[in-house]
Amino acid sequence: MPKEQGFKQRVRSGIADLFLIWKDELKLTFSDQGILIFFFVVPLFYPLLYAFIYNNEVAREVPAVVVDESHSALSREFIRKMDATADVHIVSYAADLKEAQLLLKKTKAYGIYVIPADFSKNIHRGEQSFVTLFADMGSLLHYKNLLITATNVSLEMNRAIKISLAQNTTEREDEITSAPIAYEEVTMFNTQNGFASFLLPAVLILIIQQTLLLGIGLSAGTTRERNLYHHLVPASIHYNGALRIVLGKALCYFMIYAVMSVYVTRLVPYFFDLPQLERPGTLLFFMLPYLAACIFFAMTLSAVITNRENVMVAFVFSSVPLLFLSGISWPGSAIAPFWQYVSWLFPSTFGINGYVRIHSMGATLSDVRLEYGALWIQAGVYFIITCLIYRRQVLFCRKRRLDSYRKTKGRMSDDCR
Amino acid sequence: MKVLRRVTKRQALGRVMLRECRRLLSKPLYPFAMVVAPLFCYFFFTSLMSEGLPQNLPVGVVDLDNSSTSRQMVRTLDAMQTTDLRYAYGSFTEARKAMQQGLIYGCFVVPEGFAHDAESFRQPTISFYTNNSFLIAGSLLFKDMKQMGELASGAVSRSMLYAKGATEKQAMAVLQPIVINTFPIGNPWLNYSVYLNNTLLPGILQLMIFMITVYSIGVEIKDRTARQWLRRGNHSIYISLAGKLLPQTVVFFVMAAIYNVYLYGVLDFPCQSGILPMLTASLLFVLASQSCGVIMIGVLPTLRLGLSFASLWGVLSFSISGFSFPADAMHPMLQGLTMLFPLRHYYLIYVDQALNGYSMVYSWVSYVCLMGFVLLPFLVVNRLKSALIWFKYIP
């Protein structure tokens, strides 16, 4: 073998090796059950499971109990109207607060409405009446339903009372009396306030990053375990160069995830009727840097994995903090600067924010240019780090081979002597 | 001939425990997963949500009227706790664009001629838009904006009533005859940190317990040390398992005690029942989680599959335990399934005891369920033993 290769020849052999490595990695991926689980089974079924859990979107008919001390037509009207809403269900009437509390303790109800004895009298006397709501705070969704329903019913009844007090002559006058300034509330993008529409897009994007992280980590761990010197690089003449190894492997992962991403980002929301406002082209362009960033991020982290299964123990829990760091459930504007800087290390932060805006809010690529740019930068930085890691590994490998070659050669010459 | 000395059961147990302690210290993975990762998460989540209730969420305003009345309204909205009016836009389209760029969580539109229409009783309409793709931010803003809408309307009516000679009390009785007084039991500040961290932190710990239990048993099969482990335990799977898991129980219980002390002692989260019931629940929770781990590796005695099972169950716990999305809103089949997650029972106990301060009697079902988990490993113990002796590691 000539020591100095021409540049042209090196590129040619590099490309040939790249595809060889790509082929090896594909073979490895499809022959390893563990990697198959992460690359195919989890992305295929996990989103479905999540969507199934959150599929009802909202909590309806939250059970509540009423303590009606007023026993008046007005108090009964209030209760009837509460029960008629979709969000609250009056399960029982209690004689006093104690009895109602017992129902709360037995979790037969999540809230108590107390209507005082002077409820109707006060209103007819031209004074304010107070309805008291005691709410169980175990679940905020229950609390929200109980409070919003009571508020809405009270506003509706207030309007009617105001009109009856005003003694207007025309209907238009009535309308104006009830609300001199009207207001309308529009909940945008996730119009029904649904839980799936809110959380699922973030989970979907996170699944892509985490399964890549686990799958690539597993693959790296396997290589190290099988390798004589516990290196990331197999002792083969074709694995002689960092760039070809990194690109060859990345190409393999990219091909698989190009297909999986279509399923995860397009088909799953479609199956479960989530709001989908994206233009497919925008999404395609956005997923490109996201996948690249995720792949090189995972390859960088996989360098610390020494054993096959360690990757799961070490990395799985990170999904929960990462979901919160993305600023979807906990508003991004309320995240302390320090954690915001930390979140920039992970592709999922930008991926989730960009995807949610493109997918749920119909944003264009220029609307998410910040995230788009950040993902390209991440892809670049992690690519360089990965290359450096592999370069070191390749050099190590070469040195080890050379050392052992010298050793055997030395021993042979000793024997000869 | 050398006669092997018989060891008593207690000696055997001690030997296995000693062996396990050495193993736990031999690999950096164990201290990382058992101590560092949970501690990091305790710190991370409580520090992330230290604000309690998210405040000053950025909102945009589109004031097409620009009158003193509309500006007054904008100022009122800005003064509200959760709302931070940060941007003004010339049209709704611009505001929507800003929403899509993620700059604001909502906007508020005052129509042209608003003040004029209001003064001449033509009932102008103001509009509030909230972006509910961010559910928490959207809901919080929705509350503020609704209040704002009522206030705006009320302000006009009130000045009219004052003009007619009504007193403040009389005016209020006309404006708002029925008032809802709300008492959020146990968490009157609507503190999200209290609400989420009481279940998130145990959830993380549970995930780590699943993983480490499965890993520490499965890796014996992988490294072909399972027979040696059983030999140390007098060839009894019960002694071997107990010896292996007890040192881990101690570590995990200490980790659980740490978050209890941290949440209720340091951060002063509501703990109406006193810390003792919560520590009891935590101990049962740790034991139940370990038992789940034994079942996972017993049913799937391959390290990779066992760990996959553990990850699935552990991560799913966060959703299915029903602390964010209530269990009774889920599909009935899933509601039954929630029984199989220790975190679900722990969450129910926490709500009853720490949050609401009910007596432990009311949560007996959850305590019994947690104890029930401890019995489950007996179902798989024989299968596990034969796996330990005969199974070969398949990568």
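A: What follows describes the interface as a whole and then some of its residues and salt bridges.

This is a predicted model, in which local features need pLDDT of at least 70 and side-chain atom pairs count only at pLDDT 80 or more, while totals for chains, interfaces and linings use all residues. Residues are numbered from 1 along each chain as its sequence is written, chains are lettered from A and ligands numbered from 1 in the order in which they are written, and side-chain values use heavy atoms, with hydrogens and water left out.

In the interface, 106 residues of chain A are in contact with 112 residues of chain B, contact meaning heavy atoms within 4.5 Å. The size of an interface is often given as the accessible area lost when the parts come together. Here the buried area is about 10,200 Å², and carbon and sulfur atoms give 67% of that area; the term stands for the accessible area (1.4 Å probe) that two parts lose on being put together, summed over both. Across the interface of chain A and chain B there are 42 residue pairs in polar contact, both residues being at pLDDT 80 or more. A polar contact is a pair of N or O atoms within 3.5 Å, where within protein one must be able to donate a hydrogen and the other to accept it, and where residues adjacent in sequence count only if both atoms are side-chain atoms. On the side of chain A that touches chain B, helix α6 (residues 140-166) of chain A supplies the largest share, 17 residues; helices (H or I, at least four residues) and strands (E, at least two) are DSSP runs, numbered from the N terminus.

Strand pairing also crosses between the chains: β5(A) and strand β4 (residues 125-131) of chain B pair in the parallel sense over seven bridges, a pair of strands being counted if DSSP finds at least two bridges between them. Within this pairing, Thr187(A) has Thr130(B) as its bridge partner in β4(B). Phe189(A) is found in the loop between β5 (182-188) and α8 (195-226) of chain A. With a relative accessible area of 13%, Phe189(A) is buried, where buried means under 20% relative accessible area, exposed over 50%, and partly exposed in between (1.4 Å probe, protein chains only). Not counting residues up to four places away in sequence, Phe189(A) touches residues of both chains, among them Pro275(A), Leu277(A), Met99(B) and Asn131(B).

Between chain A and chain B the count is three salt bridges, each being a side-chain nitrogen of Lys or Arg within 4 Å of a carboxyl oxygen of Asp or Glu. Side chains of opposite charge can pair when their charged atoms come close. One salt bridge joins the side chains of Asp367(A) and Lys97(B), at 3.2 Å from N to O. Another links Glu150(B) and Arg159(A), whose closest N and O atoms are 3.5 Å apart. Because Glu150(B) lies in helix α6 (residues 135-163) of chain B and Arg159(A) in helix α6 of chain A, this pair joins two chains. Glu150(B) is partly exposed, with a relative accessible area of 27%, and Arg159(A) is likewise partly exposed, at 33% relative accessibility.
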